[in-house]
Amino acid sequence: MKPVVLFVLLAASLLASPARADWKPVEKIETYAISGQSGPQLYASIGEAGPLLGKGRVIAHTNFKLTWTRDYKPQGGACVLKSARPKLIITYTLPKPAAPLSPAVQKSWEIFAAGLAAHEKVHGAAIVEMVRKIEAISVGMTVADDPGCTKIRTELTRQLAQISLAQRQASRDFDKVEFGPGGNLQKLVLAFVNGG
């Protein structure tokens with residue numbers, strides 16, 4: 001049996017395994033202060049104080065830290081990855097007004113903030129799904145002629161890079177739709193700036 005077929009079969013059997021579901025991500029919320037007493041003022045402050053991402057600032061951001069505890073075992077000249085347990089910390093960075101708002105602006109802010117948090121939670125769910133995919137291809141992975149368990153690490157890194165790149169592209173595609181014409185976040189921002 002070719003290694004690729006073996007990996008697919010192992011991944012398919014692990015997807016149904018209840019043992020995989022015994023970890024949960026840690027989710028944290030960090031805020032940054034914004035100022036203003038109206039929707040336009042608060043949104044302008046977001047533009048000045050929002051998290052830096054690439055060359056510009058963003059309204060909110062989802063980041064993560066992922067580490068693994070892996071157990072590689074030589075087995076009959078091959079190397080088998082017996083277990084791979086993730087530790088995933090997802091951090092959502094969201095804006096928060098520094099001062100109390102009038103009741104009308106507060107209500108508008110709460111709608112905006114809830115929509116923004118819901119958007120970032122979609123990114124968080126995609127990160128969890130990525131980690132589950134990594135886990136599925138990792139546990140049980142076997143590389144022949146690898147008694148020192150070095151080739152398996154190279155193969156694992158190669159496959160993980162593909163999964164990670166796919167997740168990043170899906171995240172960019174999601175944002176493009178959400179912020180595009182008629183997208184949920186575009187509507188949310190316009191409603192907040194025009195109504196707050």
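Q: Is K121 buried, exposed or partly exposed, and what is its relative accessibility?
A: K121 counts as partly exposed, because its relative accessibility is 42%. Buried means under 20% relative accessible area, exposed means over 50%, and partly exposed lies in between, with a 1.4 Å probe and protein chains only. This is a predicted model, in which local features need pLDDT of at least 70 and side-chain atom pairs count only at pLDDT 80 or more, while totals for chains, interfaces and linings use all residues. Residues are numbered from 1 along each chain as its sequence is written, and side-chain values use heavy atoms, with hydrogens and water left out.

Q: Which residue forms a salt bridge with K121?
A: The partner is E27, and the closest N and O atoms are 3.4 Å apart. A salt bridge here is a side-chain nitrogen of Lys or Arg within 4 Å of a carboxyl oxygen of Asp or Glu.

Q: Where do K121 and E27 lie in the chain?
A: K121 belongs to helix α3 (residues 103–138) and E27 to strand β1 (residues 26–34), so the pair, 94 residues apart, links distant parts of the chain. Helices (H or I, at least four residues) and strands (E, at least two) are DSSP runs, numbered from the N terminus.

Q: How many salt bridges does the rule give?
A: The count comes to five. Among them is the pair E155 and R158, with the closest N and O atoms 2.6 Å apart.

Q: Where are E155 and R158?
A: Both lie in helix α4, three residues apart, which is about one turn of the helix. E155 counts as buried because its relative accessibility is 19%, whereas R158 is partly exposed at 42%.

Q: Changing topic, what is the phi of D145?
A: Phi of D145 is near 50°, a positive value in a residue other than glycine. Most residues other than glycine have a negative phi.

Q: Where is D145 found?
A: D145 is in the loop between β6 (142–143) and α4 (151–179). With 57% relative accessibility, D145 counts as exposed.

Q: Which side chain meets D145 in a salt bridge?
A: That of K151, at 3.3 Å from N to O. K151 counts as partly exposed, at 42% relative accessibility.

Q: What about C149: what is its phi, and where is its place?
A: Phi of C149 is near 55°, again a positive value in a residue other than glycine. C149 is placed in the loop between β6 and α4.

Q: Buried or exposed?
A: C149 is buried, because its relative accessible area is 4%.
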